[in-house]
Amino acid sequence: MDKDCGKFRDQVEDLQGRIPDEASGDALRGHAASCASCSAWYADRAALRDSLEPLVRGRRTTVPSEDLTARIVARIQQEAVASSNPRTVPFFLRPSTRRYAPVAAALAVFLAFGVFASLVAGGLVTSLTAGHSITPASKDSSFAPQTMTGSPSGTAVDSQDALTGGEGLTAASRLVLTEVAQLPSVTLKASTGSYTAYSTLVSSGAMGSPAAFRGYRNGDGTLTLLLLYASNAIQNRADAISATLAPCASPFRIEIIDGRDIGSTFTALGIADADAFLSGNTGDGFRLLKVDLGR
Amino acid sequence: MLDGRTGPDDAAWVAQAANGDREAFEELVVRYAPKVFGLCFSLLGNHADAEDASQETFLKAFRAIGTYRDQASFSTWLYRITSNTCIDMARQRARRPWVSMDAEIEEEDGGVAFQVADEAPLQDETIAARWSADKVREAIGTLPEGFRTVLLLRDIEGLTYQEVAAVLGIREGTVKSRLARARAALVAILRGMEPLY
């Protein structure tokens, strides 16, 4: 490729891959007519340009959901609240106390060693390790949600004050939540395991931005979360939620329910207003994620 | 083009946001959310991922706004966060980004379907060779990340060389060379040949 060819190609690129029909394109057309290499290069370049055009148009006609900005603003507000609460930072990580961390760590090791030594001397360590093995959180096997599959209490979780300030929930979700009766926070917090799992899930942001969300506290203290997602996003969400819940001590179960089965699922759960929940988000484009959190 | 440049109005909002004014930052969200979403959609290829990435981008920007310095325009700074967020997201999900360019459309019955990008014939059909949108999408998905990102920012998003360089933090000459190689590789893939990078 000689200097003229390089110049020709640079100029064509500057013109978005198109030689203008006007007189300004005469020199470029002249070079292409006299150079087989550049002629072939331009044919490929033009074909690629035209092939990309539908994708450019598709991109420009695709707009975000109407509530995207509202959801982002809600997350920012939650972030601001969380970051302004000094209790969210463990005391040993706060700047004012962090400099003492090495001393504290050394002291902790010293004390732990002393306690361990005295337990061994008393024969307690042997019996503890023999009688209790720690296993990863069960996904399903130990979780038998008797009341959950029959009927949730019908009382939605109040994430506004009972949980962690609604972190991770969208504006749309909160709207749904505020439409239903609210539980006193003390009642909800009594179900420690499921509450902890739910708090972990909410604060992680793993639930993302569901099209709709509801949480139900069941009679036995377990929780049932119903999250509606676009079909092409639901597997990612299920994976993210599963990964977030895995370290939690309490068992959990996740089901992905096809759009056509959402109505029957709501019926089986004893929830009457599926239509209100779906708000027209129906068809193959949407699927439901049902997350059961055990105690 | 990055038409959301830091204008006089933006500059005031950005300065207030950098000083911890949350409402000023929210104003920037309102102004830039559509552009950020568009960039995410170009880089990730589907609506849901693009919305997730948009949200993540603004959260990161909110956390970092205090460190923003006026060396680059706010839009370039924000788009760099966007680009990095999308690349990280694609890596974490361990699948090739940009395999679809779907668009939600509302049907008469109120349902939502997913419509692929328009594949109607172009008015200018002087070029005989043309590859289908699906084939092009698939081929772009096979490009190495560095080439794919440059090509998407320039040829789909319409950024200038200078803007692509600023967003990716690379030199303009690098943008041009990567772009030329990306296009050549894309044509080779579409012709069923082994691409040379």
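Where pLDDT is low, the predicted coordinates should not be read in detail. Chain B as a whole averages a pLDDT of 78, and 75% of the residues score at least 70. For the complex, the predictor gives an ipTM of 0.75 and a pTM of 0.51.

Because the model is predicted, local features need pLDDT of at least 70 and side-chain atom pairs count only at pLDDT 80 or more, whereas totals for chains, interfaces and linings use all residues. Residues are numbered from 1 along each chain as its sequence is written, and chains are lettered from A and ligands numbered from 1 in the order in which they are written.

The contact between the chains takes 39 residues from chain A and 47 residues from chain B. On the side of chain B that touches chain A, H2(B) gives the most, with 11 residues; helices (H or I, at least four residues) are DSSP runs, numbered from the N terminus. That side comprises 26 nonpolar residues (Ala, Val, Leu, Ile, Met, Phe, Trp, Tyr, Cys and Pro), 13 charged (Asp, Glu, Lys and Arg) and 8 polar (the others, Gly among them).

Within chain B, residues of H6(B), including B:Phe147 and B:Leu151, meet residues of H8(B), among them B:Leu179 and B:Ala182. The residues of this contact divide into 7 nonpolar, 4 charged and 1 polar.

Notes. Contact = placed C-beta atoms within 7 Å. Helix = DSSP H or I, 4+ residues; strand = E, 2+ residues; numbered from the N terminus. pLDDT = per-residue confidence, 0-100.
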